[in-house]
Amino acid sequence: MINLTINGLKVSIEDGSTVLEAAQFLGFPIPTLCHMEGLEPYGACRLCLVEIGKAPNAKLVSSCTYPAQEGLVVRTASSRVLKARKMVIELLLASCPQSKVIQDIAAAHAVNQQRFKQEHEDCILCGLCVRMCKEQMMAGAIGFRGRGENRSLGTPFDAKSEECRFCGGCMYVCPACQLRCTFNEPEKAICGGCQNLSPPCVEEEKFDDMMCYMSPCVACEIDKS
Amino acid sequence: MKQIQSIDDFGMLSSRLHGDRDMEIPTIVISAGTCGQACGANDLIRIVKREIISNGLLGKVGLRVTGCHGFCQIEPLMLIEPAGTLYPNVEMDDVARIVEAVVNNDIVEELLPRDPESGNPITQESDLPFYRNQRMTILERNKKIDPIKIYDYVVWDGYKGLASLLAKSEPKEVVEEVKRSGIRGRGGAGFSTGMKWEFLSRQPGDKGKFLVCNADEGDPGAYMDRSILEGNPHSIIEGMIIGAYGTGATRGVIYARAEYPLAIKHLTIALRQARDLGVLGENILGTGFSFDIDIVRGAGAFVCGEETALIRSIEGKMGEPRQRPPFPITKGIHGKPTAINNVETWANVPVIFRLGAGEYAKVGTKGNSGTKIFSLVGKIKNTGLVEVPMGTTIGEIVFDIGGGSPGDARIKAVQTGGPSGGCIPVEKFDLPVDYDSLAKAGSIMGSGGMIVMDENTCMVDVAKYYMNFLKDESCGKCFSCRKGTQRMYEILDGISKGEGTLDDLDLLEELAIAVKDSTMCGLGQTASNPVLSTLKYFTEEYRRHIVDKRCDALVCKELTGAPCQATCPVGTEAWRYIAHIGKGEFEKAYLAIREPNPFPSVCARVCNHPCESRCRAGESGGEPIAIRALKRFVTDRVDPGAYKPMRLVKSDPKMPGIAIVGSGPAGLTAAHGLSLMGYKVTIFEAEDSPGGMLTAAIPAYRLPREVLQKEIDSLIDENVTLECNRALGRDFTLQELLDDDYKAVYLAMGAHKSRRLGLADEDAKGVHPSINFLKAFNLRGESLVEGRVGVVGGGNSAIDAARVALRQEKVDSVTILYRRTREEMPAFPEEIDAALEEGIELVTLVTPAKILSRDGQLEGIECLRNELGAYDSSGRRRPIPIDGSEYTIPLDNLIVAISESSDLDCVEGSGEAKIDTADNDRIKVNPKTLCTNLPGVFAGGDVTTGPSTVVEAVAAGKKAAVVIDRYVRGDELEQPASPVVPKIYIEPGASVDEESEASRPRQPEISAESRKRGFEEVELSLTEEDAIRESSRCLRCDLEFTRPNQDEVEKSTAESKPA
């Protein structure tokens, strides 16, 4: 067992746990986007930042990837954490405002404006779909390509993947496209962004209701009509 | 090659090689690293070989091909050993002469490098200022060793350290020794190498441990690692073997960029030779210790220099950093303990064991031992690799070794540490270069890139450049780094295009701090440094871009337009009139000159032409367009009547009155502007005639009086009343003006008080402030000087005073005394030349120390000679008087022309109206609105800035007219600026052959002999042919903004065609 202090409270947790797990064990809310139980921690979204160590060497780390260490002192909501987190949320809003998940996080953190040039992207490259495909579906059909601003998601060389089974798992976990956000209750729809979606891992014409999590899906219906 | 089986055998080989070499045979050394090869070193080698063989010199002259020596500026080079002669920038045709000289033990003197100060040839390589101030321990070997010959390395004590420690040291002692040396990682972060090795040695070694040499050098402008990889690969290999012995590592990896083919080639050869010799691989030197090294080629991602990304890349995965802990030291390549050090660190290890840790630690400062190689690039005279002890100041590196700025522009900052580093401004150049000081100043050591920037570098553009690099080179895993760098780039791009707002600056800083805090790896955590450090030290530049929409460095295209127009204080469209001249449309050219400037003929003669200083034709080796001479050509030839000013308001006696004090260029321009707007203007002039400094100070041989008078007369129209002999403070007070019916008062009295030297007896008879001297002559025709005349000062007014003095009847000789060197004189170079031609003596590097007088009459001046000391914050070397160097110059008259200030007594004591001043010699105004502290009172020109140029005064007058008009109407005085770019399209004339020999014409002058005593105008007009030819050299920077977009035209025609 490892003993650490989170926001002044002492906690013992199993060796090999992450700081995020320890904080959640104590009930401290830490927002996450790219984290999902059952998938390898990745640390891409930077929402789960916490502050560790003492000034002047204190630093921010992503709690989902940082291993719980003996004697570690963690602050999950220091002003430095909140400031950085709010900026990350603002950046998320600037890129992907149509995502219900991101809107909810922004609302919860009282981020109600963003000051950048508005973009409407359908992917924040959180990598949930990649890990879902590889770790849970054992397919590994999709992955990251390129780096920097050219980083993108897809199959190697954009060729049709032999590995893909059209399971829809990638779309199921996606926080940005949120096909699931409306289901068949259009009054709950907030953005209609799903109508413009081209799923990254599958080809639309092959998308079969039988294999789909999302039936009935607005995108499919548009496609069929 | 015979494999060596024991340490003793290695010792025997080493001493045999030592004995074999003949130090007496002259050897030609050619540096042929990538840089040398790019400059033609390969051809040089071929020719030298041919010379040697065809002349039967084999055995008499040696040839050694080495890696880079560091001084890239002089490639391709030939270094002659053992003489130490260096031939820089060797031309292929000179090779034969050099080889012949080498055989005869001779020197080809005209090919030698020259001392930048004295101009004398330098016979010894080590005497070059570039090398003299360095301390080479690593790079020195690059000159001695042919990188593809292991014996060359062995001769220079290579693998000696390894052999001796294998013989007698325990691994533990090796680690201790490295710890004692105090060496810190040269990759940038500066972690103690000894500690790292100790951690690795404590890791369980049952599954194997890795050592990695990080040769993924990717910083723009940094190439010190490449020079070691190419020039001395064995030093890295030996370092790694020593490291492996100390830490128990079993495998080594050199992770090199695939973009370094020569480095990889030399490394591959070196590794094979080391294995063949028996110093690498199984059972090294028969000791039973085994270690081998592989090369892994990186595919060129910048982020792979980060250690966790580098490990993933070596494992064959995507180069993407991961969370630390676990640190590579516990879980590295394939989960095995791994220590990663930089190329330079590894190259330092053999040095530690060759010298001993104690000796090694003596170099550098406490906590920062050893030397560090920097790659010094950018706006610097001597580009190249520089090796200095840690703790050397930036100033020493940039000025003493680098030789300072290559042009006239002053150096303003140095960027250290590549994209993750920051900019250090010139005021902080006394900062010692070590890990801790740089970090404190907001930059980092990084791998050692140093990019020097001068005034022609825009800091916003620099930040934008690095952000552009980082947004492409971020791995993209952390959302905040990927999007953060993109957004920072976006904001910077907006600012550089004039679209920024002041809120952007706050957002930029907030974002930069958040990115620094919220990312996972070193790249992201330092990605904000370029932005944060430029924001910290160069906020004013950002504000200039945002508020004034100006880029003073003339880099940001959208804010610059044509450089000639951008640098002109009154915004003259020089490109426009030059284009018209080219087409023979001289009248149109005159209009373009006259519209923005009411003093075209004056400026055509005495303007300091900032437009020429940044003319693009003058960049990269060419000569700027002779813009002022072209202006002179037009103003001499076109009747001013061609210009009919646009009157905005019909003359109306009911328009409010404005009072202007001073009728110099600032006052007259304002009066003219206000008159065109219909105001009734009264100008009060203290002297008998208008013109201010134009009449009082500028001599007639530069500005003929009738030209000046004509121009002044044209400005005094029915709305302007000129009252001469009416001086503020003497004849009326400011309060009285305000009490009168004037709606606004504009103060433009100029700077008419010469500064004093501050020496005793300065009031002795025969000592004259330059303004008094010039005024007496120019206004009243009185001659105050005779006999031997001295002039103290180096500005234009000193030269004017000297040249006017020379033209006095009773003057025998004139001597100018200046405290710095001629290059640093603020006067126009052509004026200095003219003065010298006329026979004026110039004495530089002197400080007047004492005025010698008898009975209140000047007899002479005692001076101290100066030497040049350390560089001051302006990047010039400070003159320091030498004790005991006093000497006397006998003089009958002394003119003090060190600077001028304004006489502000006149505005003092004006009752209630008390004007705020700065340093008691300038009126304090808001530079944007020219407002003083009193409502309705404005001031501009020299009285607010100190002595400046005519064109600046004209600009102030124009601004005053606009601002006073706004004030009278009750409008907002300060209005948002918009970028000034060329707007009028003038079709280019017939295209000129680019190869044509056209060069800048020299303006004709009357001969020095005939002009020496008279006041006839010295400079003459260009001929029509010359003017048209000169205008054809113009690069027409305006067309980029005004030309109808060709692409779009073509596209639209292409689209309209059926497929």
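Colleague: How many bridges join strand E17 of chain B to E18(B)?
Modeller: Four bridges join E17(B), residues 680–684, to E18(B), and the two run parallel. B:Val681 stands opposite B:Val720 in E18(B). Strands and helices here are DSSP runs numbered from the N terminus (helices H or I, at least four residues; strands E, at least two). This is a predicted model: local features need pLDDT of at least 70, side-chain atom pairs count only at 80 or more, and totals for chains, interfaces and linings use all residues. Residues are numbered from 1 along each chain as its sequence is written, with chains lettered from A and ligands numbered from 1 in the order written.

Colleague: What is the strand order in the open sheet?
Modeller: E18-E17-E16-E19-E33 in chain B, with parallel pairing. Pairing takes at least two DSSP bridges between two strands.

Colleague: Which strands stand at the edges?
Modeller: E18 (720–723) and E33 (937–939) of chain B; each has a single partner strand, so one side of each is left without a neighbour in the sheet.

Colleague: New topic. At what angle do H2 of chain A and H21 of chain B pack?
Modeller: About 110°, with axes 9 Å apart. Axes are lines fitted to C-alpha atoms, for helices over the stretch in contact, and angles run from 0 to 180 degrees between N-to-C directions. H2(A) and H21(B) are therefore roughly perpendicular (65 to 115 degrees).

Colleague: Which residues in H2(A) meet H21(B)?
Modeller: A:Arg80, A:Lys83, A:Ala84, A:Met87 and A:Val88. Their partners include B:Glu510 and B:Leu511. Contact means C-beta atoms, placed from the backbone, within 7 Å.

Terms used. Parallel < 35°, antiparallel > 145°, perpendicular 65-115°, else oblique. Contact = placed C-beta atoms within 7 Å.
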